[in-house]
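Please look through this structure with me, moving from a pair of helices to the domains and the ligand. The points below are numbered so that you can check each one against the view.

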Amino acid sequence: MNIKRGRSLLSFSEVPVRSSSGGYVVRVGSGVREMLGPAVEVAAPSGRCGLIADETVASLWYEEVAASLRGRGIDVVPAFFPAGETSKTRANWSALTDVLMDARLGRDSCVVSVGGGVTGDLAGFVAATFLRGVPLVQLPTTTLAMIDASVGGKTGVDHPAGKNLVGAFHAPAMVLADPDFLSTLDRGVRAAGYAEAVKHGVTLDAAYAGWLASHAAPLLDGSPGEVTRAVVRSVELKAEVVSGDEFETGSRKILNFGHTVAHALEAASRYALPHGHAVAVGMVAEARIGEELGLTAPGTAEEIRTLVTAFGLPHSHPAFARALQLVDLMIRDKKTRSGVVHIVRLVEFGRTGAADETTVPVPEADLVGVIRGLVLQDP
Ligand SMILES: NC(=O)c1ccc[n+]([C@@H]2O[C@H](COP(=O)([O-])OP(=O)(O)OC[C@H]3O[C@@H](n4cnc5c(N)ncnc54)[C@H](O)[C@@H]3O)[C@@H](O)[C@H]2O)c1
Ligand SMILES: [Zn+2]
(Lines give C-alpha, C1' and ligand atoms only; values in the text may rest on other atoms or scores of the structure.)
(Ligands and ions follow the chains in the order given, each with its own letter.)
Protein backbone atom coordinates (compact mmCIF):
# COMPACT_ATOMS: atom_id res chain seq x y z
CA MET A 1 0.00 0.00 0.00
CA ASN A 2 1.27 3.52 -0.78
CA ILE A 3 0.33 7.02 0.34
CA LYS A 4 1.82 10.42 -0.45
CA ARG A 5 4.59 11.64 1.88
CA GLY A 6 5.57 15.12 0.73
CA ARG A 7 6.83 14.54 -2.79
CA SER A 8 7.62 10.86 -2.27
CA LEU A 9 5.48 7.83 -1.53
CA LEU A 10 5.28 6.06 1.82
CA SER A 11 4.79 2.34 1.29
CA PHE A 12 3.65 -0.02 4.01
CA SER A 13 1.89 -3.32 4.62
CA GLU A 14 -1.30 -3.78 6.59
CA VAL A 15 -2.24 -6.89 8.54
CA PRO A 16 -5.85 -7.03 9.77
CA VAL A 17 -6.62 -8.54 13.18
CA ARG A 18 -10.15 -9.55 14.23
CA SER A 19 -11.27 -8.77 17.78
CA SER A 20 -14.50 -8.48 19.73
CA SER A 21 -14.07 -4.70 19.74
CA GLY A 22 -14.34 -4.58 15.96
CA GLY A 23 -10.83 -5.40 14.79
CA TYR A 24 -7.83 -3.28 13.91
CA VAL A 25 -4.92 -3.13 11.52
CA VAL A 26 -1.20 -3.42 12.11
CA ARG A 27 0.53 -1.07 9.68
CA VAL A 28 4.17 -1.99 9.08
CA GLY A 29 6.75 0.05 7.20
CA SER A 30 9.53 2.55 7.34
CA GLY A 31 8.04 5.98 8.17
CA VAL A 32 4.57 4.84 9.33
CA ARG A 33 5.14 6.63 12.65
CA GLU A 34 4.54 9.87 10.74
CA MET A 35 0.94 8.72 10.22
CA LEU A 36 0.16 8.73 13.96
CA GLY A 37 -1.89 11.95 13.98
CA PRO A 38 -4.08 10.97 11.00
CA ALA A 39 -4.34 7.39 12.33
CA VAL A 40 -5.64 8.59 15.71
CA GLU A 41 -8.18 10.80 13.92
CA VAL A 42 -9.58 7.76 12.14
CA ALA A 43 -9.08 4.84 14.55
CA ALA A 44 -9.38 6.55 17.94
CA PRO A 45 -10.93 10.00 17.39
CA SER A 46 -9.86 12.09 20.40
CA GLY A 47 -9.20 15.71 21.17
CA ARG A 48 -6.61 14.72 23.78
CA CYS A 49 -4.21 11.81 24.22
CA GLY A 50 -2.12 10.50 27.09
CA LEU A 51 1.25 9.66 25.55
CA ILE A 52 2.92 6.97 27.65
CA ALA A 53 6.61 6.15 27.20
CA ASP A 54 9.56 5.09 29.32
CA GLU A 55 12.13 7.81 30.00
CA THR A 56 14.69 6.36 27.55
CA VAL A 57 12.28 6.25 24.63
CA ALA A 58 10.80 9.62 25.61
CA SER A 59 14.22 11.27 25.44
CA LEU A 60 14.75 9.91 21.92
CA TRP A 61 11.34 10.00 20.27
CA TYR A 62 8.77 11.97 22.30
CA GLU A 63 9.07 15.29 20.45
CA GLU A 64 8.65 13.76 17.02
CA VAL A 65 5.72 11.56 18.02
CA ALA A 66 3.96 14.33 19.94
CA ALA A 67 4.39 16.69 16.95
CA SER A 68 2.48 14.26 14.73
CA LEU A 69 -0.47 14.43 17.13
CA ARG A 70 -0.30 18.17 17.65
CA GLY A 71 -0.16 18.61 13.88
CA ARG A 72 -3.75 17.35 13.86
CA GLY A 73 -4.80 19.58 16.73
CA ILE A 74 -4.66 16.77 19.31
CA ASP A 75 -3.56 17.88 22.79
CA VAL A 76 -0.80 15.65 24.22
CA VAL A 77 -0.47 14.77 27.92
CA PRO A 78 2.97 13.19 28.50
CA ALA A 79 3.23 10.40 31.09
CA PHE A 80 6.68 8.86 31.53
CA PHE A 81 8.12 6.15 33.79
CA PRO A 82 11.62 4.68 34.36
CA ALA A 83 12.68 2.14 31.70
CA GLY A 84 12.86 -1.60 32.36
CA GLU A 85 10.82 -4.65 33.33
CA THR A 86 10.98 -3.74 37.02
CA SER A 87 8.74 -0.77 36.14
CA LYS A 88 5.90 -3.02 34.94
CA THR A 89 4.18 -2.72 38.30
CA ARG A 90 0.85 -1.86 39.90
CA ALA A 91 2.58 1.21 41.36
CA ASN A 92 3.43 2.58 37.91
CA TRP A 93 -0.01 1.69 36.56
CA SER A 94 -1.37 3.79 39.42
CA ALA A 95 1.08 6.69 38.91
CA LEU A 96 0.42 6.88 35.15
CA THR A 97 -3.33 6.72 35.72
CA ASP A 98 -2.98 9.64 38.16
CA VAL A 99 -1.20 11.73 35.50
CA LEU A 100 -4.11 11.24 33.10
CA MET A 101 -6.64 11.85 35.87
CA ASP A 102 -4.88 15.07 37.01
CA ALA A 103 -4.90 16.31 33.40
CA ARG A 104 -8.68 15.69 33.41
CA LEU A 105 -8.68 13.47 30.35
CA GLY A 106 -12.20 12.35 29.57
CA ARG A 107 -13.81 9.38 27.89
CA ASP A 108 -13.22 11.10 24.55
CA SER A 109 -9.46 10.78 25.01
CA CYS A 110 -7.06 8.00 24.01
CA VAL A 111 -3.79 6.49 25.18
CA VAL A 112 -0.80 6.27 22.82
CA SER A 113 1.91 3.84 23.85
CA VAL A 114 5.37 4.57 22.44
CA GLY A 115 7.92 1.96 23.45
CA GLY A 116 8.82 -1.68 23.92
CA GLY A 117 6.72 -4.48 25.35
CA VAL A 118 6.95 -3.13 28.90
CA THR A 119 5.43 0.18 27.82
CA GLY A 120 2.79 -1.50 25.67
CA ASP A 121 1.69 -3.80 28.50
CA LEU A 122 1.67 -1.01 31.10
CA ALA A 123 0.08 1.67 28.90
CA GLY A 124 -2.38 -0.91 27.61
CA PHE A 125 -3.48 -1.73 31.15
CA VAL A 126 -3.87 2.00 31.88
CA ALA A 127 -6.00 2.33 28.72
CA ALA A 128 -8.03 -0.78 29.65
CA THR A 129 -8.92 0.58 33.07
CA PHE A 130 -8.92 4.39 32.76
CA LEU A 131 -12.58 5.50 33.00
CA ARG A 132 -13.40 1.80 32.35
CA GLY A 133 -11.46 1.84 29.09
CA VAL A 134 -10.33 4.31 26.43
CA PRO A 135 -8.89 3.54 22.96
CA LEU A 136 -5.25 2.51 22.75
CA VAL A 137 -2.85 3.14 19.86
CA GLN A 138 0.40 1.20 19.89
CA LEU A 139 3.69 2.50 18.48
CA PRO A 140 6.08 -0.37 19.21
CA THR A 141 9.76 0.69 19.26
CA THR A 142 11.56 -2.62 19.93
CA THR A 143 11.76 -5.70 17.71
CA LEU A 144 9.94 -7.66 20.41
CA ALA A 145 7.05 -5.21 20.58
CA MET A 146 6.72 -4.96 16.77
CA ILE A 147 6.93 -8.71 16.22
CA ASP A 148 4.70 -9.74 19.08
CA ALA A 149 3.74 -7.64 22.11
CA SER A 150 1.81 -4.80 20.42
CA VAL A 151 -0.60 -7.26 18.76
CA GLY A 152 -3.28 -9.36 20.43
CA GLY A 153 -4.60 -7.11 23.20
CA LYS A 154 -2.91 -8.65 26.25
CA THR A 155 -2.08 -5.90 28.73
CA GLY A 156 -0.97 -5.98 32.34
CA VAL A 157 1.69 -5.74 34.99
CA ASP A 158 3.90 -8.10 36.97
CA HIS A 159 3.15 -9.07 40.58
CA PRO A 160 5.67 -10.10 43.26
CA ALA A 161 4.17 -13.62 42.96
CA GLY A 162 4.90 -13.82 39.23
CA LYS A 163 4.93 -12.39 35.74
CA ASN A 164 1.90 -10.67 34.12
CA LEU A 165 -0.41 -11.84 36.92
CA VAL A 166 -2.59 -8.70 36.91
CA GLY A 167 -4.03 -7.44 33.65
CA ALA A 168 -6.80 -7.30 31.09
CA PHE A 169 -7.50 -7.98 27.44
CA HIS A 170 -7.77 -4.63 25.66
CA ALA A 171 -7.32 -4.70 21.89
CA PRO A 172 -5.59 -1.68 20.34
CA ALA A 173 -7.44 0.59 17.93
CA MET A 174 -4.39 0.58 15.67
CA VAL A 175 -0.72 -0.48 15.66
CA LEU A 176 1.94 1.44 13.72
CA ALA A 177 5.14 -0.64 13.52
CA ASP A 178 7.97 1.45 12.11
CA PRO A 179 11.40 -0.26 11.79
CA ASP A 180 13.06 3.19 11.83
CA PHE A 181 12.60 3.19 15.61
CA LEU A 182 15.17 0.37 15.78
CA SER A 183 17.94 2.75 14.65
CA THR A 184 18.38 3.92 18.25
CA LEU A 185 17.95 0.47 19.83
CA ASP A 186 20.86 -1.38 21.42
CA ARG A 187 21.88 -4.42 19.30
CA GLY A 188 21.40 -6.82 22.23
CA VAL A 189 17.82 -5.60 22.82
CA ARG A 190 17.17 -5.85 19.09
CA ALA A 191 18.37 -9.48 19.14
CA ALA A 192 16.19 -10.40 22.13
CA GLY A 193 13.03 -9.60 20.16
CA TYR A 194 13.77 -12.25 17.58
CA ALA A 195 13.13 -14.93 20.21
CA GLU A 196 9.40 -14.30 19.66
CA ALA A 197 9.86 -14.51 15.87
CA VAL A 198 11.64 -17.85 16.35
CA LYS A 199 8.66 -18.92 18.48
CA HIS A 200 6.25 -18.08 15.64
CA GLY A 201 8.35 -20.08 13.18
CA VAL A 202 8.94 -23.06 15.46
CA THR A 203 5.27 -23.41 16.41
CA LEU A 204 3.49 -22.33 13.22
CA ASP A 205 5.70 -22.06 10.14
CA ALA A 206 8.92 -24.04 9.67
CA ALA A 207 9.67 -22.23 6.38
CA TYR A 208 9.62 -18.89 8.23
CA ALA A 209 11.98 -20.32 10.86
CA GLY A 210 14.33 -21.31 8.03
CA TRP A 211 14.13 -17.82 6.53
CA LEU A 212 14.94 -16.30 9.94
CA ALA A 213 18.00 -18.56 10.27
CA SER A 214 19.36 -17.45 6.89
CA HIS A 215 18.68 -13.74 7.51
CA ALA A 216 19.94 -13.39 11.08
CA ALA A 217 22.73 -10.95 10.12
CA PRO A 218 20.58 -8.27 8.38
CA LEU A 219 17.86 -8.72 11.01
CA LEU A 220 20.37 -8.10 13.80
CA ASP A 221 21.71 -5.08 11.89
CA GLY A 222 18.16 -3.69 11.78
CA SER A 223 18.03 -3.62 7.97
CA PRO A 224 14.55 -2.12 7.29
CA GLY A 225 13.70 -4.48 4.39
CA GLU A 226 14.36 -7.68 6.34
CA VAL A 227 12.92 -6.27 9.60
CA THR A 228 9.72 -5.29 7.78
CA ARG A 229 9.45 -8.78 6.29
CA ALA A 230 9.94 -10.44 9.69
CA VAL A 231 7.45 -8.13 11.42
CA VAL A 232 4.83 -8.69 8.71
CA ARG A 233 5.20 -12.49 8.75
CA SER A 234 5.22 -12.70 12.55
CA VAL A 235 2.21 -10.40 12.81
CA GLU A 236 0.36 -12.42 10.12
CA LEU A 237 0.98 -15.62 12.08
CA LYS A 238 0.03 -14.09 15.42
CA ALA A 239 -3.00 -12.32 13.90
CA GLU A 240 -4.35 -15.58 12.54
CA VAL A 241 -4.09 -17.22 15.96
CA VAL A 242 -5.47 -14.36 18.08
CA SER A 243 -8.25 -13.60 15.57
CA GLY A 244 -9.53 -17.13 16.15
CA ASP A 245 -9.11 -17.20 19.94
CA GLU A 246 -8.87 -13.65 21.30
CA PHE A 247 -9.26 -14.62 24.96
CA GLU A 248 -6.98 -17.68 24.93
CA THR A 249 -9.49 -20.41 25.60
CA GLY A 250 -7.81 -22.80 23.15
CA SER A 251 -5.45 -22.45 20.21
CA ARG A 252 -3.95 -19.09 21.34
CA LYS A 253 -2.11 -21.09 24.00
CA ILE A 254 0.28 -22.13 21.21
CA LEU A 255 1.84 -18.66 21.54
CA ASN A 256 2.85 -19.52 25.11
CA PHE A 257 5.45 -21.99 23.84
CA GLY A 258 8.63 -21.54 25.90
CA HIS A 259 6.85 -19.17 28.29
CA THR A 260 6.15 -21.54 31.18
CA VAL A 261 9.88 -21.94 31.74
CA ALA A 262 10.59 -18.35 30.63
CA HIS A 263 8.29 -16.72 33.18
CA ALA A 264 9.79 -18.83 35.98
CA LEU A 265 13.32 -17.83 34.91
CA GLU A 266 12.33 -14.16 34.80
CA ALA A 267 10.81 -14.29 38.27
CA ALA A 268 13.81 -16.26 39.62
CA SER A 269 16.15 -13.56 38.28
CA ARG A 270 13.93 -10.86 39.81
CA TYR A 271 13.28 -9.65 36.28
CA ALA A 272 16.95 -9.00 35.49
CA LEU A 273 16.80 -11.59 32.68
CA PRO A 274 15.34 -9.94 29.53
CA HIS A 275 12.06 -11.50 28.38
CA GLY A 276 13.47 -12.44 24.95
CA HIS A 277 16.42 -14.26 26.53
CA ALA A 278 14.09 -16.11 28.89
CA VAL A 279 11.90 -17.16 25.92
CA ALA A 280 14.95 -18.42 23.96
CA VAL A 281 16.04 -20.58 26.91
CA GLY A 282 12.44 -21.59 27.65
CA MET A 283 11.80 -22.86 24.11
CA VAL A 284 14.87 -25.11 24.15
CA ALA A 285 13.96 -26.38 27.65
CA GLU A 286 10.29 -27.04 26.84
CA ALA A 287 11.24 -28.88 23.63
CA ARG A 288 13.61 -31.04 25.71
CA ILE A 289 10.82 -31.71 28.21
CA GLY A 290 8.60 -32.70 25.27
CA GLU A 291 11.29 -35.01 23.90
CA GLU A 292 11.82 -36.65 27.31
CA LEU A 293 8.08 -37.26 27.66
CA GLY A 294 7.87 -38.70 24.13
CA LEU A 295 5.64 -35.84 22.89
CA THR A 296 8.14 -34.06 20.67
CA ALA A 297 10.22 -35.47 17.80
CA PRO A 298 13.81 -36.18 18.89
CA GLY A 299 16.27 -33.51 17.71
CA THR A 300 13.71 -30.65 17.84
CA ALA A 301 15.33 -29.01 20.88
CA GLU A 302 18.68 -29.10 19.10
CA GLU A 303 17.19 -27.38 16.02
CA ILE A 304 15.74 -24.63 18.23
CA ARG A 305 19.04 -24.29 20.04
CA THR A 306 20.84 -23.73 16.71
CA LEU A 307 18.28 -21.11 15.70
CA VAL A 308 18.41 -19.06 18.90
CA THR A 309 22.20 -19.25 18.86
CA ALA A 310 22.17 -17.73 15.33
CA PHE A 311 20.61 -14.65 16.94
CA GLY A 312 23.20 -14.59 19.73
CA LEU A 313 20.56 -15.63 22.28
CA PRO A 314 21.16 -17.95 25.25
CA HIS A 315 19.91 -21.56 25.27
CA SER A 316 20.47 -22.43 28.92
CA HIS A 317 20.52 -20.75 32.33
CA PRO A 318 22.31 -21.33 35.66
CA ALA A 319 18.93 -21.30 37.48
CA PHE A 320 18.29 -24.82 36.11
CA ALA A 321 20.53 -25.95 38.99
CA ARG A 322 17.67 -24.80 41.29
CA ALA A 323 15.05 -27.02 39.69
CA LEU A 324 12.75 -27.14 42.73
CA GLN A 325 12.54 -23.34 42.96
CA LEU A 326 11.84 -23.04 39.25
CA VAL A 327 9.10 -25.65 39.31
CA ASP A 328 7.56 -23.91 42.31
CA LEU A 329 7.48 -20.68 40.27
CA MET A 330 5.94 -22.54 37.31
CA ILE A 331 3.14 -23.82 39.53
CA ARG A 332 2.27 -20.20 40.38
CA ASP A 333 2.16 -19.24 36.70
CA LYS A 334 -1.32 -18.45 35.36
CA LYS A 335 -0.99 -21.19 32.74
CA THR A 336 -1.12 -23.76 35.55
CA ARG A 337 -4.46 -25.55 35.88
CA SER A 338 -5.56 -27.16 39.18
CA GLY A 339 -2.00 -26.91 40.45
CA VAL A 340 -0.57 -28.87 37.47
CA VAL A 341 1.92 -27.23 35.13
CA HIS A 342 0.99 -27.34 31.43
CA ILE A 343 3.35 -26.83 28.51
CA VAL A 344 2.60 -26.33 24.83
CA ARG A 345 2.73 -29.60 22.96
CA LEU A 346 5.29 -29.10 20.19
CA VAL A 347 4.98 -32.16 17.94
CA GLU A 348 7.94 -31.33 15.74
CA PHE A 349 9.75 -28.28 14.38
CA GLY A 350 7.00 -26.06 12.88
CA ARG A 351 4.00 -28.01 14.25
CA THR A 352 2.12 -28.08 17.55
CA GLY A 353 -0.62 -30.37 18.83
CA ALA A 354 -4.13 -30.11 17.37
CA ALA A 355 -6.66 -27.71 18.94
CA ASP A 356 -7.84 -30.07 21.70
CA GLU A 357 -4.32 -31.01 22.73
CA THR A 358 -2.49 -27.70 22.39
CA THR A 359 -1.08 -28.10 25.89
CA VAL A 360 -0.21 -31.13 28.00
CA PRO A 361 0.04 -31.52 31.78
CA VAL A 362 3.50 -32.32 33.08
CA PRO A 363 3.74 -34.03 36.50
CA GLU A 364 5.90 -32.11 38.98
CA ALA A 365 8.38 -34.97 39.46
CA ASP A 366 8.97 -35.24 35.68
CA LEU A 367 9.55 -31.50 35.44
CA VAL A 368 12.10 -31.49 38.25
CA GLY A 369 13.88 -34.49 36.73
CA VAL A 370 14.11 -33.03 33.22
CA ILE A 371 15.23 -29.60 34.46
CA ARG A 372 17.98 -31.18 36.56
CA GLY A 373 19.04 -33.04 33.40
CA LEU A 374 19.28 -29.76 31.50
CA VAL A 375 22.10 -28.67 33.80
CA LEU A 376 24.01 -31.84 32.93
CA GLN A 377 23.45 -31.32 29.19
CA ASP A 378 24.34 -27.61 29.26
CA PRO A 379 27.38 -27.14 31.47
N1 LIG B 1 1.33 -8.31 25.60
C2 LIG B 1 1.92 -9.26 24.91
O3 LIG B 1 1.28 -9.97 24.13
C4 LIG B 1 3.40 -9.51 25.09
C5 LIG B 1 4.05 -10.39 24.23
C6 LIG B 1 5.42 -10.54 24.38
C7 LIG B 1 6.10 -9.85 25.39
N8 LIG B 1 5.42 -9.02 26.21
C9 LIG B 1 6.12 -8.26 27.24
O10 LIG B 1 7.06 -7.40 26.65
C11 LIG B 1 8.05 -7.07 27.60
C12 LIG B 1 9.41 -7.04 26.97
O13 LIG B 1 9.44 -6.06 25.96
P14 LIG B 1 10.79 -5.42 25.42
O15 LIG B 1 11.80 -6.47 25.24
O16 LIG B 1 10.42 -4.57 24.28
O17 LIG B 1 11.30 -4.59 26.68
P18 LIG B 1 11.28 -3.02 27.06
O19 LIG B 1 9.97 -2.41 26.74
O20 LIG B 1 11.74 -2.94 28.47
O21 LIG B 1 12.38 -2.41 26.12
C22 LIG B 1 13.73 -2.80 26.29
C23 LIG B 1 14.66 -1.60 26.46
O24 LIG B 1 14.78 -0.92 25.23
C25 LIG B 1 14.59 0.49 25.41
N26 LIG B 1 14.04 0.98 24.15
C27 LIG B 1 12.83 0.69 23.63
N28 LIG B 1 12.71 1.19 22.40
C29 LIG B 1 13.86 1.85 22.13
C30 LIG B 1 14.36 2.55 21.00
N31 LIG B 1 13.67 2.63 19.85
N32 LIG B 1 15.59 3.10 21.08
C33 LIG B 1 16.32 2.96 22.22
N34 LIG B 1 15.94 2.28 23.31
C35 LIG B 1 14.71 1.73 23.26
C36 LIG B 1 13.70 0.62 26.59
O37 LIG B 1 13.85 1.87 27.22
C38 LIG B 1 14.17 -0.54 27.47
O39 LIG B 1 15.27 -0.13 28.25
C40 LIG B 1 7.93 -8.10 28.72
O41 LIG B 1 7.38 -7.49 29.87
C42 LIG B 1 6.95 -9.11 28.17
O43 LIG B 1 6.20 -9.74 29.15
C44 LIG B 1 4.08 -8.82 26.08
ZN1 LIG C 1 6.75 -13.47 25.15
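1. Before reading any contact here, note that two residues are in contact if their C-beta atoms, placed from the backbone, lie within 7 Å. The model is a predicted one, and in it Thr260, Ala264, Ala267 and Ala268 of helix 10 meet Gln325, Leu326, Leu329 and Met330 of helix 13. Sorted by class, the residues of this contact are six nonpolar and two polar, with no charged residue among them.

2. The geometry of that pair can be described as well: the axes of helix 10 (residues 259–268) and helix 13 (residues 323–332) come within 9 Å of each other and cross at roughly 115°. Because of this angle, helix 10 counts as roughly perpendicular to helix 13. The crossing of helix 10 and helix 13 is right-handed.

3. Turning to another pair, the axes of helix 6 and helix 7 (residues 206–214) come within 6 Å, and their crossing angle is roughly 145°. On the side of helix 6 the contact is made by Tyr194, Ala197, Val198, His200, Gly201 and Val202, while helix 7 brings Ala206, Tyr208, Ala209 and Leu212. Of the residues in the contact of helix 6 with helix 7, eight are nonpolar and two are polar, and none is charged.

4. How do the axes of helix 11 and helix 12 cross? They come within 8 Å and cross at roughly 170°, where helix 12 covers residues 300–310. It is because of this angle that helix 11 is described as roughly antiparallel to helix 12. Ala280, Met283, Val284, Ala287, Arg288 and Glu291 in helix 11 meet Thr300, Ala301, Ile304, Arg305 and Val308 in helix 12, and this contact holds seven nonpolar residues, one polar residue and three charged residues.

5. At the level of the whole chain, the domain assignment gives domain 1 (10–184) and domain 2 (190–377). The C-alpha centres of domain 1 and domain 2 lie 26 Å apart, and the contact takes 32 residues from domain 1 and 32 residues from domain 2. On the side of domain 1 that touches domain 2, the elements that give two or more residues are strand 3 (13–17), strand 4 (24–28), helix 5 and strand 10 (162–169). Helix 5 supplies the largest share of that side, five residues. By class, the side of domain 1 that touches domain 2 has 14 nonpolar, 13 polar and five charged residues.

6. Which residues are the closest to ligand 1? They are Thr56, Gly116, Gly117, Val118 and Thr142, out of 31 residues that surround ligand 1. The elements that give two or more residues to this shell are helix 2 (55–70), helix 4 (117–129), helix 5 (143–149), helix 6 (187–204) and helix 11 (275–292). The shell around ligand 1 is made up of eleven nonpolar, 13 polar and seven charged residues.

Key:
Residues numbered from 1 in each chain as written. Chains lettered and ligands numbered in written order. Predicted model: local features only at pLDDT ≥ 70, side-chain atom pairs only at ≥ 80, totals over all residues. Axes fitted to C-alpha atoms, helices over the stretch in contact; angles between N-to-C directions. Helix = DSSP H or I, 4+ residues; strand = E, 2+ residues; numbered from the N terminus. Parallel < 35°, antiparallel > 145°, perpendicular 65-115°, else oblique. Left-handed = near helix turned anticlockwise from the far one by under 90°. Nonpolar A, V, L, I, M, F, W, Y, C, P; charged D, E, K, R; others polar. Near = placed C-beta within 6 Å. Domains from an automatic or database assignment.
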